[in-house]
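Me: I have a structure here and a few terms I want to understand. Can we go through them one by one?

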Amino acid sequence: MSDLTLAATRLHRRTLLLGAAAVTGLSACSKTQTSSSNGGAITLRMSWWGGTSAHKATLNALQLFEKRHPHIRVRGEYTGFTGHLERLTTQIAGETAPDVMQINWYWQTLFSRDGEGFTDLNQHKNEIDFSQFDARTLSMGTTGGKLNALAISNAARLMYLNKTTYDKAGLSLPDTWDSLFARGPQFKAKLGDAYYPLDGLFQDFIALARSYIVQKTGKALVNSETKSLNCTRADMHEYAGFYAKMISDHVWPSAQVRASYGYLPQQEMRPWINGEFAGTYQWNSAIEKYTDTLAGKQEVALAPYPMRPGATDAGLLYRPSMMFAVNAKSQHPRESAMLINFLLNDPEGVRAMETKRGVPVSKTAQKILRDDGLIGKLQQDSEDMLARLPINVLESPYFEHPRVRDGFQDILEAFGYGKITLEQAGDALYDDINAILHRIIR
Amino acid sequence: MSQSATADAGWRKHLPVINAFMRYGILIIIGFMMLYPLFWMIGGSFKNNQEIFSSIGFIPKEPTLDGFKKGWETSTEYTFATYLINTMKIVVPKVIVTVISSVIVAYGFARFAIPGRKLLFALLMATVLLPKSVLLIPQYLMFREFGWLDTYLPLIAPQAFAVEGFFVFMIIQFMRSLPMEMEEAAVMDGCNSFQVLTLVVAPVILPAIISVALFQFMWSMNDFLQPLIYLSSVEKYPVALALKMSIDVTEATSWNEILAMSTIALAPSLILFFVAQRYFVEGITSGAVKG
Amino acid sequence: MFNDKKIGSLYVAPFVIGFLLFTAFPFVASFVLSLTDAQLQDQLGSANFTGIQNYTEMGRDATFQKSLGVTFFYVFITVPLKLAFALFIAVVLNFKLRAIGFFRTAYYLPSILGGSVAIAIVWRFVFAGDGLINQALEMIGITGVNWLGEPNTAMFSIILLRLWQFGSAMVVFLAGLKAIPEDLYEAADLDGASRLRQFWMITLPLLTPVLFFNFIMQIVQAFQEFNGPYIITGGGPLKSSYLLPLMIYEEGFKYFNLGYSSALSWVLFVIIAVFTAIAFWSQKHWVFYAQDREDKNGGAQK
């Protein structure tokens with residue numbers, strides 16, 4: 001029965017399509033190529049990674065898009081996050097990548113160092129309404145003057161604290177760096193050794209310390225032009241000192257304590273689940289993954305962002321969390337652009353996608369979802385804070401290169417395990433990271 | 001002295017019972033250690049996320065069937081049944097061609113004086129020794145040229161040519177450990193070499209052949225990277241890919257669904273092993289050798 | 001046994017064709033890549049030929065040297081322990097006991113689970129600072145150890161994981177035990193030989209071809225061990241469990257350094273090949289092939 005209906009719709013679509021083609025003489029139809037053309041229809045391939053609800057929302061949106069444009073079919077090629085980059089990389093190396101791809105911000109440095117790796121979306125001003133996007137966001141998808149990727153949502157790391165635990169200790173959420181430092185001994189005194197006011201993986205700490213330093217220097221930490229750190233040796237010593245203080249003051253669990261649970265994400269660690277590690281420095285786009293595993297009724301709140309006295313910039317790594325890009329070799333760049341616009345700007349597409357990929361950047365999309373009441377409290381709080389904070393520094397994507405991150409981690413870990421002194425750690429942060437940057441930026 | 005002798009005799013009378021008790025005791029204790037993750041996995045299917053990560057006990061506090069229901073529906077357009085069937089479409093032909101090709105090639109290596117035997121054997125071993133991840137990209141490019149992307153062919157076809165040196169080597173070892181009397185007798189009775197293989201050798205090394213089938217079955221069930229790279233259509237995904245479909249970095253993962261489906265996906269392997277293992281007990285082996 | 005070279009070649013032909021068709025090109029290509037600065041994401045043609053630079057680089061790469069040492073340690077501990085354990089269990093499971101099929105299946109289970117989520121989570125529970133082992137130790141008054149958090153002990157959790165997944169070696173042993181003709185034991189029983197003596201005089205010698213196979217395969221698998229460190233420790237702390245295959249994977253798929261990753265693979269390949277070659281050379285001293293004995297007798301008679 002349902003098969004029959006399906007066949008009928010297909011037939012219907014086809015006649016529609018033929019009619020449309022005859023009337024408007026869509027140029028795209030004549031260009032239709034090998035990728036399964038049935039009756040002059042265009043098939044787009046789109047790939048993304050995500051979880052259950054993102055898959056469902058996206059599939060739903062694609063169906064609506066097909067309904068709107070009956071001559072276009074979109075084939076979703078989606079996976080979980082594990083392995084997605086491996087697969088996309090192989091496809092790009094093999095020139096078999098899909099037309100539309102969901103990418104991470106820093107993947108641009110992998111696949112489009114010169115801006116030629118993806119289609120220049122500026123050529124599709126007619127299909128995509130760029131006025132919905134602020135200049136900063138657009139610039140973060142631009143390489144060599146080519147708009148390579150369009151942000152779906154922006155994200156920054158903010159401090160989310162377990163209010164239940166803070167209440168238990170009778171302490172307020174910290175609002176300055178000094179009050180954060182003070183929470184360490186206070187936690188230890190009131191709740192015991194097992195409790196920490198803040199926690200995270202090394203990668204989280206590396207970002208937190210970056211923010212601390214950038215608030216002082218007012219500059220991005222990495223300069224991709226000079227292929228080096230954009231700060232002094234003394235700044236890197238301060239970076240190391242920041243780690244040392246956080247550990248010795250019981251603000252952040254030591255490397256040994258963290259490693260004793262094995263190599264696992266923070267939200268799967270028992271101390272986080274039970275509220276003993278009472279905070280995380282996390283992407284606002286991902287925070288729901290963290291609140292999800294909390295045991296019982298615990299409340300997580302957004303803490304005021306700590307600022308150094310006289311800081312002119314919060315030092316946030318505020319950047320697109322996910323982006324859409326179009327294959328440079330796509331046979332259907334125009335239709336791909338139409339699809340992107342539908343998903344990011346069209347009321348129907350926006351409502352279907354909801355906030356499954358974070359709060360959208362697109363102004364119209366944000367308004368639609370806010371009016372519909374689809375943006376949660378923690379999400380809205382985060383958006384408001386990001387709008388308030390001074391965020392002007394543009395960080396180089398190379399800061400997020402895995403080699404750089406692991407470089408920071410190796411040094412901090414070696415210091416944490418007492419293999420090197422604080423002095424050596426500071427020097428290594430400056431020398432080794434510069435060497436790594438020099439090697440990876442081409 | 002006589003007393004201790006009687007005591008001794010009394011003790012000896014119970015020896016078989018004590019012996020069996022000991023054996024089963026040890027078997028059960030170790031068996032429990034082996035089975036624990038399975039129990040935990042099944043228990044975990046009925047738990048919620050925070051309980052999964054905070055307790056090593058396997059009895060759920062507030063059991064729910066959601067994991068099985070939603071897990072079976074999956075986050076995709078297809079139910080889990082599609083992925084189970086897909087897996088079988090890959091694994092069953094793969095196992096069959098692996099067994100046939102490995103036995104034939106192994107027989108050639110073990111029983112024939114072939115030109116360049118040592119070199120060929122070295123190549124065979126080389127396929128076992130080189131880390132697979134390094135071959136991934138060149139292999140991908142090659143299968144693209146063949147036009148095999150998004151089909152099951154890259155996963156199955158190479159196995160028809162005994163490229164998995166592991167299995168060939170294993171069967172060679174078993175063939176070499178066999179006495180040759182029976183094969184020689186068969187030749188004298190007028191069997192050709194292929195008849196010797198199918199009528200004499202294969203039945204005797206059946207446990208080895210079954211092991212090959214088992215290993216290939218289970219490893220193919222778990223294989224993640226190859227299907228991930230070669231298959232782009234969701235409707236063609238096998239279970240190993242489907243299980244990781246909902247694990248994301250930003251969105252909370254319903255681990256009970258994953259554990260529930262992992263349990264279901266485990267069933268074919270478990271059943272197959274249980275059925276196959278009896279060939280290790282009273283195989284046709286002993287009968288054939290004696291007969 | 002058969003001397004007809006044509007028919008023999010026919011049997012081996014599938015492998016030769018398959019090798020040429022599917023394996024030869026990737027083989028050669030991966031070696032060529034190891035001589036370039038290829039990046040994973042680029043078209044292969046755009047890589048520059050750098051000669052043996054990737055190989056000389058390893059001499060300066062402290063991470064590689066650490067990883068190499070750790071890998072050897074892992075292999076030397078794991079292989080003998082796992083072989084002994086698998087053989088012991090196989091002998092036990094070869095008893096004709098009631099419900100033995102159930103136990104065989106149970107004992108094989110950890111190996112079926114492979115690197116699944118359940119294993120990763122349960123294993124971390126066992127070794128965590130407040131995990132099962134430490135709780136047990138505290139019950140008998142011993143202070144727990146930070147198993148996963150200390151460089152000296154993190155490796156043991158991975159070694160134990162692999163010992164626990166002894167199933168495939170056990171299955172091969174079981175199949176081998178079945179190939180031993182029972183009349184040999186019957187004869188030994190008549191001679192009054194003890195079970196232990198039967199094991200040493202009959203079982204073990206006749207099992208040597210299978211033992212040899214398992215030995216080779218365990219060496220290969222141990223050198224290629226990836227799952228354990230990947231899911232339990234992530235290679236840490238301080239790279240104390242950073243086995244070479246994990247490094248190869250990360251160089252290639254995390255850092256996108258395809259050239260260096262390929263070079264590392266080939267070094268690993270050569271190391272394994274050397275060990276395998278030594279093992280093959282040694283087998284004439286300890287591996288007993290019934291087939292060869294027959295050959296010799298046959299030859300003498302003729």
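Predicted model: local features only at pLDDT ≥ 70, side-chain atom pairs only at ≥ 80, totals over all residues.

Me: Why is strand S6 (residues 149–155) of chain A called largely enclosed by the rest of the structure?

Reply: A residue is buried if 20 or more other C-beta atoms lie within 10 Å of its own. Seven of the seven residues of S6(A) are buried, so the strand counts as largely enclosed.

Me: What makes S6(A) and strand S12 (residues 319–326) of chain A a pair?

Reply: Pairing needs at least two bridges between the strands. S6(A) and S12(A) have six bridges, in the antiparallel sense. Therefore they pair. In this pair, A:Ala155 stands opposite A:Arg319.

Me: How do you know that strand S7 (residues 157–162) of chain A pairs with S10(A)?

Reply: Set the count against the cut-off of at least two bridges. S7(A) and S10(A) share five bridges, so they pair, again in the antiparallel sense. Here A:Leu161 stands opposite A:Gly279. Helix H9 (residues 202–217) of chain A packs on the sheet and touches S7 and S10 of chain A. The direction of H9(A) makes about 80° with that of S10(A).

Me: What makes strand S10 (279–283) and strand S11 (300–302) of chain A edge strands?

Reply: The open sheet has three strands in the order S10-S7-S11 (chain A), with antiparallel pairing. S10(A) and S11(A) each pair on one side only, and that makes them the edge strands. Neighbouring strands of this sheet are turned by 35° against each other on average, direction ignored. Helix H17 (residues 377–388) of chain A lies across S7 and S11 of chain A. H17(A) runs at about 20° to S11(A).

Definitions and conventions: Residues numbered from 1 in each chain as written. Chains lettered and ligands numbered in written order. Buried ≥ 20, exposed ≤ 12 C-beta atoms within 10 Å, placed from the backbone. Helix = DSSP H or I, 4+ residues; strand = E, 2+ residues; numbered from the N terminus. Axes fitted to C-alpha atoms, helices over the stretch in contact; angles between N-to-C directions. Contact = placed C-beta atoms within 7 Å.
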